[in-house]
Amino acid sequence: MRKYFKSYISFSLGVWFRAGLSFISVPVISYLIVPEEFGKSAMFAMVFGIISSFMFLGTNQSFLRFFNEYKENERKRLFWACLSPSLLIVTLVTIVMLVLGDHLSIMLYKKVYPKVNLYMSITLYLAAFQHFNQLVIRMRKKGFLYSLVESVNVAGSFVFSLIYALMIERSFLAIVFGNMMGYALALATGIYVGWEYWKPVRFNLSEVKSVLSYGIPFVPNDLIRWVFTSVDRISLRLYSTLGEIGLYSAAAKIVSVMHLVETGFTALWYPVAFERYEKNTEDRLFYIKAFEMVSFLLFAFGFLIVGFKDIIFLLLPRTYMASAQIAPFLILVPIMSTLTLVSTVGINLSKKTHWHMVVSAIAAFMNYIGNSILVPLYSARGAAISTGMCFVIYFYIKTYIAEKLFPVGYGQKKVGLETILLMGVATVGTLSTNVILNILGGLIGFTVTLVLYKEQFKRVVKEIFSSVGLVSRKEK
């Protein structure tokens, strides 16, 4: 466990830094920008997400798949063969945005913003380069460098958002500009360290065809997955106000602290799981232990965040306090998403990856129905309830299919009990503004988690103590 723990930490440091800075940046930015402007930044992020879901054409997945098949001195050729289609797509998107710029601006932001499409175009180019920059770092297993680049990205985004808001204007463009500069600084850091990959080299069209042939099937799944995760904001745009989108986005930003567990784990999990499978195809205990440990950590953190949400949201201005009642069900999103990542590795191992698209499509449709019903009634709280519940359904459907394809024997009783209890605590947190009641609910859930996962709790405590030299090697 020690080896995996160290690798996880090295890949997670940047995510932890991002989470910590989010607790600082969200309150600071929210004091400078009103909820309606925050909502506009969410619309910008939504469009950015749409374009990002197809601009890579799956060649990012191809790079991961073919990386080890190329010799070290040939990987630059693979790099540019995978990157070039993305640059072509971004160029075409830029032309469309420049032609339809005013219409898009009015549709999304109810006003013409001359700079916004230019910022979008520049950010897309930077994001394409930066994404492959991180893939190179990840495949070379440079965890601390990976975290450094992540840290530079988030710090640059915050600093330049602050500068723009204070010196130019307090609008959503401050957040947009900050994100653009964050990508630029992160990219500069990555290029400086791994400069040899960035020297343009010739590549064959046959290589481009090869990476596209492998990667394009991932595009429909990415688009459907984006729909699944963005239906909430789309519904709020249709049935509610930009102010509600701003409140919802603020709640999601605070809840995103849970994504620090997911993001660092995602960077590590698949390489480790695939390697383990190649060494011993019959080993199931490894996957069960990983699932149990991740379940414990996610639910423990989740109950604490939901329980103390009212105190956490005191960091924000009073105009954002309504976000505290939106956040509880959103906590289910990172929890169930990360559990799904672990429990459905069998789909990838069995090479039946089309099931990812099927389940995402089912979940997206259910989330659309749920948001269509609940958003008109309860606005942002309705969007959170629908999205959180659909991620629970998404987990159970996908896990069921994975177990059929690659039986592991994950224990579902504890996860089921924890999920029901968390939904109960989230319901109280959504309906009640009583701080004591919410804290009590969170602490009860946290205590139940420690009891149910007592073995995992003991293991984590021992690892922490041993890391600081309080447990001898013999005791371990």
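Guide: Let us begin with disulfides. A disulfide is a pair of cysteine sulfur atoms within 2.5 Å, and by this rule the count comes to 0 disulfides. This is a predicted model, in which local features need pLDDT of at least 70, side-chain atom pairs count only at pLDDT 80 or more, and totals for chains, interfaces and linings use all residues. Residues are numbered from 1 along each chain as its sequence is written, and side-chain values use heavy atoms, with hydrogens and water left out.

Visitor: Is Cys82 buried or exposed?

Guide: Buried means under 20% relative accessible area, exposed over 50%, and partly exposed in between (1.4 Å probe, protein chains only). Cys82 has a relative accessible area of 0%, so Cys82 is buried. Cys390, with 6%, is buried too.

Visitor: How does one describe the packing of helices?

Guide: Two packed helices are described by the angle between their axes and the distance between the axes. Helices here are DSSP runs (H or I, at least four residues), numbered from the N terminus. Axes are lines fitted to C-alpha atoms over the stretch in contact, and angles run from 0 to 180 degrees between N-to-C directions. Helix H2 (residues 35–55) packs against helix H10 (residues 218–239) at about 165°, with their axes 9 Å apart. H2 is therefore roughly antiparallel to H10, a term for angles over 145 degrees.

Visitor: Which residues of H2 make the contact with H10?

Guide: Contact means heavy atoms within 4.5 Å. On H2 the residues are Ala42, Met43, Met46, Gly49, Ile50, Ser53 and Phe54; their partners on H10 include Trp226 and Arg233.

Conventions:
Helices (H or I, at least four residues) and strands (E, at least two) are DSSP runs, numbered from the N terminus. Angles under 35 degrees count as roughly parallel, over 145 as roughly antiparallel, 65 to 115 as roughly perpendicular and the rest as oblique.
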